[in-house]
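Hello,

Here is the structure I promised to pass on to you. Have a look at it first, and then read on for what turned up in it.

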Amino acid sequence: MLDADISDFFSTLDRTWLRKFLTASHWGQKDPATHRQVVGRRSHRGWEVVRSAQGASVSPLSANMYLHYVFDRWVRQWRQRHARGDMIVSRFADDFVVGFQNLGDARQFLHDLRERFAKFNLELHPDKTRLIEFGRFAASNRRERGLKKPETFDFLGFTHICGRTRDGRFWLRRVTIAKLLLAKLKQAKTELRRRRHRSIPEQRQWLASVLRGHINYYAVPGSIDAVSAFRDQVIRLWRETLRRRSQRS
């Protein structure tokens with residue numbers, strides 16, 4: 001499996017290519033307002049580029065448009081022409097992982113992908129891009145070679161793990177990324193302190209919306225313990241916040 005990361009994607013994204021991709025697409029021709037938002041606006045000095053920092057509302061749109069032409073369409077052709085085994089691709093905005101049945105396909109794909117990205121001013125992060133052994137037979141194959149358990153990878157907020165069900169079948173286990181969980185708890189703590197002098201029903205309503213949003217995304221098989229821990233920690237933080245505003249415990 002290829003666990004890849006693009007170096008500084010939003011700061012190195014080539015606006016000239018993005019403008020060409022957007023103009024060539026049927027969608028870009030039908031929505032001029034969004035066209036201006038993504039690639040900028042024309043003035044007497046030419047195109048005034050509007051930079052979209054990572055996290056901006058237009059960033060996923062820019063990433064999807066750019067990588068649709070640079071990555072998605074190219075991957076489809078590469079799979080048809082070069083892949084000797086099964087190949088699975090999953091991408092969201094500028095994050096993607098690629099699974100391969102054959103190691104030779106994985107190595108060749110990584111080599112060709114570096115060359116493809118270089119043509120469009122993109123580069124794979126040298127320290128965050130790696131080939132890992134992952135999947136249904138990874139654990140047994142590594143055990144036969146005297147190696148440790150298969151490596152894990154992070155994707156879309158989850159750490160993906162080669163697990164086993166109680167009856168021994170392969171299970172793709174997903175748990176919430178620990179550092180994201182801690183960051184969200186820190187954010188909740190800060191916001192609770194800011195709201196601590198508001199009425200308790202108002203605080204409860206806001207906190208319930210936070211928990212619902214977290215549960216709706218992260219409550220998947222294998223991550224229930226992490227979700228429950230997040231809920232318990234949020235309740236503890238709320239209790240501590242309420243105690244700070246009153247002399248009663």
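Let me begin with one of the pockets: strand S5 gives the most to the lining of the second largest pocket, with three residues. Please keep in mind as you read that this is a predicted model.

The second largest pocket has a volume of about 450 Å³. Its lining is made of 16 residues, and those closest to the centre are Asp5, Asp95, Asp154, Phe155 and Ile177. Besides S5, the elements that give two or more residues to this lining are S7 and H8. Sorted by class, the lining of the second largest pocket holds eight nonpolar, seven charged and one polar residue.

Now for the largest pocket, where the volume is about 910 Å³. Which of its 28 lining residues are the closest to its centre? They are Met1, Gly99, Phe100, Phe134 and Gly135. Several elements each supply at least two residues of the lining of the largest pocket: strands S4 (87-92), S5 (95-100), S7 (153-155) and S9, together with helices H6 (103-118) and H7 (138-144). Strand S4 provides the largest share, four residues. By class, the lining of the largest pocket counts 17 nonpolar, seven polar and four charged residues.

Next, a helix to find on your screen: H10, which runs over residues 224-244. How far apart should the ends of its 21 residues be? At 1.5 Å a residue, H10 should span 30 Å, and its end C-alpha atoms are 31 Å apart, which agrees.

Along H10, the buried residues are Ala226, Val227, Phe230, Val234, Leu237, Trp238 and Thr241. These residues cover an arc of only 115° around the axis, so they sit on the same side of H10. What do the buried residues of H10 pack against? Their partners are strand S9 (170-176), helix H8 (178-194) and helix H9 (200-218).

Finally, the view of the whole protein. There are ten helices and nine strands in it. The protein has 249 residues, of which 38% count as buried. If you take the contacts with a separation of 6 or more, 56% of them are between residues 24 or more positions apart.

Happy exploring, and best wishes

Methods. Residues are numbered from 1 along each chain as its sequence is written. This is a predicted model: local features need pLDDT of at least 70, side-chain atom pairs count only at pLDDT 80 or more; totals for chains, interfaces and linings use all residues. Side-chain values use heavy atoms; hydrogens and water are left out. The expected span of a helix is 1.5 Å times one less than its number of residues. Buried means under 20% relative accessible area, exposed over 50%, partly exposed in between (1.4 Å probe, protein chains only). The arc is that of the directions from the helix axis to the C-beta atoms. Contact means heavy atoms within 4.5 Å. On a 1 Å grid over the protein atoms alone, a cavity is a set of points where a 1.4 Å probe fits but cannot get out, and a pocket is an open set with protein on both sides within 12 Å along at least five of seven lines; lining residues have an atom within 4 Å of a point. Grid points are joined across faces, edges and corners, and a volume is the space filled by probe spheres set on the points. Ala, Val, Leu, Ile, Met, Phe, Trp, Tyr, Cys and Pro count as nonpolar, Asp, Glu, Lys and Arg as charged, and the others, Gly among them, as polar.
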